[in-house]
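This report describes the model shown below. It moves from the overall fold to one helix and then to one residue.

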Amino acid sequence: MRVLGDEYMKSEFRAHRNVENPIHIVGFLKEWQMYAQQVEGDSWLGDKMDKERIDKMSDQQLGQLYELMQAIQKQGREDPNGET
């Protein structure tokens, strides 16, 4: 799963490379900092996103979240033991 998350993170950083709105930059970096802290251990397993956070997402963000969910589920089916 870490490999999938790392690839997604690289993609997101590339996509936000030219963002100029400081509010978007701060929000983006804050969320990725939280992600990095969570993947350090297994404390994130089984966590669910807050409804408030989901409600604030744009349609594009929801689409990306859905695509990420599908990729995780696909990897789980391909490698049910979680080995990379």
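In what order do the elements of the protein run from the N terminus on? The order is α-α-α-α. The model is a predicted one.

## Overall composition

The secondary structure of the protein consists of four helices and zero strands. Of the 84 residues in the protein, 10% are buried. The accessible surface of the protein is about 7,200 Å², and carbon and sulfur atoms contribute 53% of that area.

Among contacts in the protein with a separation of 6 or more, 50% join residues 24 or more positions apart.

## Confidence of the prediction

The mean pLDDT of the protein is 78, and 82% of the residues reach 70 or more. Among the elements, helix α1 (residues 2-15) has the lowest mean pLDDT, at 75, while helix α3 (residues 51-55) has the highest, at 89. Where pLDDT is low, the predicted coordinates should not be read in detail.

## Helix α2

Helix α2 covers residues 22-38, which is 17 residues. At the N-terminal end, α2 is capped by Asn21: a side-chain oxygen of Asn21 lies 2.9 Å from the backbone nitrogen of Ile23.

Which residues of α2 are buried? They are Phe28, Trp32 and Tyr35. Viewed down the axis of α2, the buried residues fall within an arc of 50 degrees and therefore line one face of the helix.

Glu12 is located in helix α1. Is Glu12 buried or exposed? With a relative accessible area of 8%, Glu12 is under the 20% cut-off and therefore counts as buried.

Leaving aside residues up to four places away in sequence, Glu12 touches Phe28, Trp32 and Gln64. Two of these residues, Phe28 and Trp32, are buried residues of α2. Glu12 and Trp32 are 20 residues apart along the chain, and their C-alpha atoms are separated by 9.7 Å.

Key:
Residues are numbered from 1 along each chain as its sequence is written. This is a predicted model: local features need pLDDT of at least 70, side-chain atom pairs count only at pLDDT 80 or more; totals for chains, interfaces and linings use all residues. Side-chain values use heavy atoms; hydrogens and water are left out. Helices (H or I, at least four residues) and strands (E, at least two) are DSSP runs, numbered from the N terminus. Buried means under 20% relative accessible area, exposed over 50%, partly exposed in between (1.4 Å probe, protein chains only). Contact means heavy atoms within 4.5 Å. Accessible areas come from the Shrake-Rupley method with a 1.4 Å probe; for residues, only the protein chains shown count as cover. The expected span of a helix is 1.5 Å times one less than its number of residues. The arc is that of the directions from the helix axis to the C-beta atoms. A polar contact is a pair of N or O atoms within 3.5 Å; within protein, one must be able to donate a hydrogen and the other to accept it, and residues adjacent in sequence count only if both atoms are side-chain atoms. pLDDT is the predictor's confidence in each residue, from 0 to 100.
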